[in-house]
Amino acid sequence: MTENKAIEALLQEARVFAPPVEFAMQANAADDAVYREAAADPEGFWARMAAQLTWFTPWQRVLEWDPPHARWFTGGKLNVSYNCLDRHLIGARRNKAAIIWEGEPGDRRTLTYWELAQEVNRAANVLRDLGVKKGDRVTIYMPMIPELPIAMLACARLGAPHSVVFGGFSAEALRDRILDAQAKLVITADGGFRRGQVVPLKRNVDQAVAQTPCVEKVLVVQRVGEREQVMMHRDRDYWWHDLMLQASTRCDPEPMDAEDILYILYTSGTTGKPKGVVHTTGGYLTGVNATTRLIFDLKEDDVYWCTADIGWVTGHSYIVYGPLSNGATSLMYEGSPDYPDWERFWSIVERHGVTVLYTAPTAIRSFMRWGPELPARHDLSSLRLLGTVGEPINPEAWMWYREHIGGNRCPVVDTWWQTETGMIMITPLPGIVPTKPGSATRPFPGVFAAVVDEQGQPVPPGQGGYLVLTRPWPAMLRTVYGDPDRYVQTYWSRFPGVYFTGDGAKLDEDGYFWLLGRVDDVMNVSGHRVGTMEVESALVDHPAVAEAAVIGRHDPIKGQAIAAFVTLKEAAARDGQDHTAELKSHVVEKIGAIARPDQIFFAAELPKTRSGKIMRRLLRDIAEGRQLGDTTTLADPTVVQALKERYEEEEEA
């Protein structure tokens with residue numbers, strides 16, 4: 001099936017599910033008027049959303065917009081940690097569970113809002129005693145344990161921007177992110193658990209910090225104990241538990257300007273070097289607070305579980321800041337969905353009475369492959385709302401999720417957004433919007449999206465184009481850290497004054513959005529964005545490799561799988577060895593396991609234009625089994641045909 005035919009089939013989806021009547025009657029957003037009011041007065045709408053937070057100093061102006069630069073809630077002062085903790089300590093919420101946690105080995109811990117506040121205050125005092133002050137950057141490289149959100153909230157309490165680096169990244173990737181942010185301190189753990197193995201986090205930090213003179217101190221949480229022997233460097237490394245014992249539970253929150261940086265989060269880019277996306281305080285918290293409350297319809301007694309890793313933006317926004325600013329109970333877990341067995345998710349849902357579940361299409365497709373009998377063994381009747389995130393979800397997976405996990409009674413909110421947007425942008429409101437399998441439906445109130453052609457003009461329903469955002473929104477990134485020109489060039493140069501998402505989309509006759517995936521060279525692997533250039537750079541770094549081109553090909557489980565086309569240096573090509581496993585391991589060492597190529601294909605030559613540019617479009621055609629596109633610009637058209645024939649032969653073998 002060609003891409004156009006696949007899109008046509010998608011848009012012919014006839015199944016529509018109205019919000020359940022009982023759900024709609026009690027929904028936080030139960031009236032379509034919210035859309036009309038936000039469209040008529042977006043600044044007024046966002047001002048009402050911001051008023052749900054506690055401000056130390058009121059803002060003077062909702063929005064200052066000088067494209068592509070926005071300032072939200074000018075003059076307002078607040079503190080994110082205060083909004084996530086202190087304001088919930090008066091009344092019944094103080095003893096309510098804030099975080100429910102399950103470790104991979106089966107250990108469990110619950111922190112009430114009162115207990116979490118005490119831990120965050122202690123941690124903030126520890127950081128202050130180690131020299132961290134307002135404006136200092138702190139890199140956090142940790143497993144999924146409660147100390148991770150505690151560290152984030154402690155940084156926010158002091159006004160020190162944090163940079164969380166996913167624990168699956170390598171020492172080199174960590175080093176690059178530390179250097180770019182010029183972090184003063186690193187918070188890590190001795191290790192973390194992943195599928196029964198110990199991830200050597202402290203060892204990776206030691207390698208990274210050896211090349212990062214900006215780092216003065218390293219704070220280490222003890223997680224795996226005797227399973228991982230670590231080196232502690234005198235006058236640099238400190239044990240978290242030792243310093244926390246001595247720390248006071250009183251630390252006044254730093255008043256932060258609405259536009260002060262809350263955090264930097266690195267996301268893959270097409271040029272190889274990851275981008276440090278900057279999110280600020282007032283607008284970001286307004287966006288994630290409002291979207292969490294209205295999209296997930298949070299009630300006081302909900303047990304809300306976003307299954308993401310906090311190392312990614314989904315975890316920032318919808319495990320930590322969104323739920324906690326709403327006073328919700330947020331569940332987090334360490335490890336993976338398939339360890340120690342394929343029923344882990346459903347055991348957790350049953351054990352804790354999870355009511356709202358937010359997970360990725362990648363996970364759902366794995367659950368489908370394992371069979372519906374596994375969730376059927378568990379009582380999932382507590383669930384009342386399901387969500388998906390990370391990539392477009394195919395209708396078959398959407399329907400399976402609704403039927404086998406939601407019991408055909410739970411609304412499904414399919415959400416589209418990005419690291420850069422900070423908050424969910426396109427999604428149904430579950431008490432209002434009828435849903436269609438595979439569609440993210442409508443922009444969130446106060447969000448203005450469009451599908452445009454090459455000239456930036458809106459396209460008619462059913463015609464594909466580029467997804468753009470035509471007005472600013474509070475949680476939008478403000479810049480790329482240390483590189484304002486890259487911010488403008490990446491997001492605002494394609495269509496001046498309009499934010500270019502890098503995604504393709506179509507609108508149907510009802511105005512529903514259907515996301516079609518990336519249109520640039522960033523791959524979406526299991527919901528994680530991986531730059532093709534990053535993987536190519538890692539491959540070419542290997543002494544046997546002369547040249548590499550990387551593409552993402554369709555994968556029924558991951559969404560996209562990484563396929564690499566590699567040209568070896570002469571000596572390596574002659575030695576007769578199979579370098580596949582060696583090169584895959586090399587990529588893992590340079591970047592991390594998420595970037596491991598699924599397939600490496602060796603070629604004597606790569607298809608290039610006369611100017612020497614590798615034609616990745618043709619490599620995608622080869623990997624996807626499609627008919628080759630236009631080859632007229634190639635320097636030698638026979639190269640790509642020969643490559644296609646060899647690729648097909650290897651696939652058949």
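Student: Is helix 4 (residues 42-50) enclosed by the rest of the structure or open, and how many of its residues are buried?

Tutor: A residue is called buried when its relative accessible area is under 20%. In this predicted model, 7 of the 9 residues of helix 4 are buried, so the helix is largely enclosed by the rest of the structure. The buried residues are Pro 42, Gly 44, Phe 45, Trp 46, Ala 47, Met 49 and Ala 50.

Student: What covers the buried residues of helix 4?

Tutor: The covering elements include helix 3 (33-40), strand 1 (61-66), strand 2 (69-74) and helix 11 (282-295). Turning to helix 3, we find that Ala 33, Val 34, Tyr 35 and Ala 38 are buried, and that the buried residues of helix 3 pack against helix 4.

Student: Which residues are in contact with Val 447, leaving aside its neighbours within four places in sequence?

Tutor: Val 447 is in contact with Trp 46, Met 423, Met 425 and Leu 469, and Trp 46 is one of the buried residues of helix 4. Val 447 itself is found in the loop between strand 20 (412-414) and strand 21 (449-452), and it counts as buried because its relative accessibility is 7%, where the cut-off is under 20%.

Student: How should I read strand 17 (residues 329-333), and how many of its residues are buried?

Tutor: Strand 17 is mostly covered, with 5 of its 5 residues buried.

Student: Which strands pair with strand 17, and in what sense?

Tutor: Strand 4 (residues 97-102) pairs with strand 17 in the parallel sense over 4 bridges, and Ile 100 has Leu 331 as its bridge partner there. Strand 16 (residues 303-306) also pairs with strand 17 in the parallel sense, over 3 bridges, with Val 303 and Thr 329 as bridge partners. Between strand 16 and strand 17 the chain passes through helix 12 (residues 313-325), and this β-α-β crossover is right-handed.

Student: What can backbone angles tell me as I look along the chain?

Tutor: As a general idea, most residues other than glycine have a negative phi, and most peptide bonds are trans. Here, Arg 195 has a positive phi of about 50 degrees although it is not a glycine, and Asp 297 likewise has a positive phi, near 55 degrees. Arg 195 is found in the loop between strand 9 (192-194) and strand 10 (197-199), whereas Asp 297 is found in the loop between helix 11 and strand 16.

Student: Is Asp 297 buried or exposed?

Tutor: Asp 297 is buried, with a relative accessible area of 1%, while Arg 195 is partly exposed at 42%.

Student: Where are the cis peptide bonds that you can show me?

Tutor: One of them runs from Pro 67 to Pro 68, with omega near 5 degrees, and Pro 68 lies in the loop between strand 1 and strand 2. Another runs from Tyr 339 to Pro 340, with omega near 10 degrees, and Pro 340 is found in the loop between strand 17 and helix 13 (344-352).

Student: How much space lies in the largest cavity?

Tutor: Rolling a probe the size of a water molecule over the atoms shows where empty space is left. The largest cavity holds about 80 Å³ of space. It is lined by 13 residues, of which Phe 17, Ala 18, Pro 20, Pro 411 and Thr 435 are the closest to its centre. By class, this lining has 10 nonpolar, 1 polar and 2 charged residues.

Key:
Residues are numbered from 1 along each chain as its sequence is written. This is a predicted model: local features need pLDDT of at least 70, side-chain atom pairs count only at pLDDT 80 or more; totals for chains, interfaces and linings use all residues. Side-chain values use heavy atoms; hydrogens and water are left out. Buried means under 20% relative accessible area, exposed over 50%, partly exposed in between (1.4 Å probe, protein chains only). Helices (H or I, at least four residues) and strands (E, at least two) are DSSP runs, numbered from the N terminus. Two strands pair if DSSP finds at least two bridges between them. A crossover is right-handed if, with the strands pointing away from the viewer, the path from the first strand over the helix to the second runs clockwise. On a 1 Å grid over the protein atoms alone, a cavity is a set of points where a 1.4 Å probe fits but cannot get out, and a pocket is an open set with protein on both sides within 12 Å along at least five of seven lines; lining residues have an atom within 4 Å of a point. Grid points are joined across faces, edges and corners, and a volume is the space filled by probe spheres set on the points. Ala, Val, Leu, Ile, Met, Phe, Trp, Tyr, Cys and Pro count as nonpolar, Asp, Glu, Lys and Arg as charged, and the others, Gly among them, as polar. Contact means heavy atoms within 4.5 Å.
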